[in-house]
Structure formats: structure tokens, C-alpha cells
Amino acid sequence: MKNQELAFTSNEGDNWFIRNKSKIKENSAEISLLCNWLMPYQNQIDTILEIGSGPGNKLAQICWQLNAMGWGVEPSKKAVDFANKNYNKNCKFTLATADNLSFINITFDLVHFGFCLYLVSRNKLNTVIEQADKLVKPGKFLSIIDFDPRTSFENDYIHFEGLKSYKTNYYKMFCDLGNYSLINKFSFSEKSFCFSKKEDDRICLSLLYKEN
Ligand SMILES: C[S@@+](CC[C@H](N)C(=O)[O-])C[C@H]1O[C@@H](n2cnc3c(N)ncnc32)[C@H](O)[C@@H]1O
């Protein structure tokens, strides 16, 4: 089994960015939905952390829609450079992986994982969840966009031999910590903005509240 974090830090993060650069959108429907859910609490959301922020467009959209400041962490240098160049009005971006965030010494009103947890090494997942939990202020929010299978399974990650895509219900792992409540969930797929009957295609956006 390959170290997924090392692979993304050394070249697969940059390769993901290069493959997806032409598809970067300033406005995506799932991020708008997340912001609509959070709109009643907009005046309580000033600081947002995205873990695995890629090119930064999603964090920039959340910050723009909620009028907040953002910090993105991401292992790809190319993506971080792009994000710092293009979305620096109210966001900043730093090189890091999700298992290594102890350098962040502030807490946030919203922590967002956008398609990142499925790439985390299984032996690092508990650390990642514990660290993310510490970065969410009590009484504030955590959101996740990731695969939404009925049962957990793994696929080969097609772009890099030896890496895996781990599909499981990540929001449940936070709820299992005991201090999070699921307050919204929307199921969709890459192909259409509605629930997919095909298990392998299922994605969901989930919004959790960290109890005070
Ligand atoms: C599918 S992309 C999603 C990018 C962006 N969050 C979005 O929603 O469009 C996954 C991103 O997570 C990054 N990534 C992979 N492993 C990571 C890890 N262990 N910690 C943080 N980010 C990671 C990749 O480099 C890539 O930019």
C-alpha cells in the first residue's frame, strides 16, 4: 500500500490540479446550496478553513457568499500558488496535508472538507478527524462533500497506481464522536444534481453542527 499523503505531496496533488485546471468554476451548485443552508447563521461565520482546498475556487465561493475570511490547506504547490494568485482577496492558502495541521493555532466557524477525506490513508483517518474536530469552534459548523455509499468500500485510484479511493460515510464518523449533529444532507452525483440509484456514483453534501 502506498502512502497517499506522500504521493499527493510529491506529485499527484500537482497532477490533479493540472488535469482539472480547465474545469475550475467560480460558482458551483453544491457550494451555493451549502451557503443557503448557512445563510441564517451568516453573521456568526467569519472564518472558514477548507482542508484539501485544491485550486481554491470552492473556498473563495463560500467566503464570497458568506462574506467571511478563508484559509485553505492543500498538498499541491501548483494548486496553492494558483489559489494564492487568484483568490487572495479574502482567502489565503498554505501547503499541508490533513493529518498535519497542528501548526494552525486558531479555530474556525466553519471547517469544510471538499472531496478530500476519500484520499486520506486509512491509518491516518482518526488523526485527521481528531485534528479537524479541534479546529471547529463549539457552536459552529463542519461540512463535507464526499462519496456517499451504502456500505464502505475502496476502489483503485485510476490516476496513480497503488493509491486508493476510500468510499465511506465520513459525516457519520464525526457524529460518532458524540458532539456533532447532522443538520442537513443532500445526495447527488457528478452526472446530475439529484440522488443516483447507482451506489458507486453517490455523493453527498452534509452539514454538521458542533454542539456547544
Ligand atoms: C478532488 S480534489 C478537491 C479539491 C477541492 N476541495 C474541490 O472541492 O474542488 C482533492 C484535493 O485534495 C487534496 N488532497 C489529497 N490528499 C490530501 C490530504 N491528505 N490532505 C489534504 N488534501 C489532500 C488533493 O491534492 C486535491 O487538491
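Predicted model: local features only at pLDDT ≥ 70, side-chain atom pairs only at ≥ 80, totals over all residues.
Q: In which sense do β5 and strand β9 pair, and over how many bridges?

A: Strands here are DSSP runs of E with at least two residues, and helices are runs of H or I with at least four, numbered from the N terminus. Two strands pair if DSSP finds at least two bridges between them. In this case, β5 and β9 (residues 202-210) pair in the antiparallel sense over seven bridges. Residues are numbered from 1 along each chain as its sequence is written, and side-chain values use heavy atoms, leaving out hydrogens and water.

Q: In which sense do β4 and β5 pair?

A: β4 and β5 pair in the parallel sense, over six bridges. H112 stands opposite S143 in β5.

Q: How many residues of strand β5 are buried?

A: Buried means under 20% relative accessible area, exposed over 50%, and partly exposed in between, using a 1.4 Å probe and protein chains only. In β5 (residues 136-147), ten of the twelve residues are buried.

Q: Where is D99 found, and which side chain of opposite charge is nearest?

A: D99 is found in the loop between β3 (91-95) and β4 (108-114). Lys and Arg count as positive, Asp and Glu as negative; His and chain ends are not counted. A salt bridge needs a side-chain nitrogen of Lys or Arg within 4 Å of a carboxyl oxygen of Asp or Glu. D99 is buried yet has no salt bridge, and the nearest side chain of opposite charge, K124, is 4.1 Å away.
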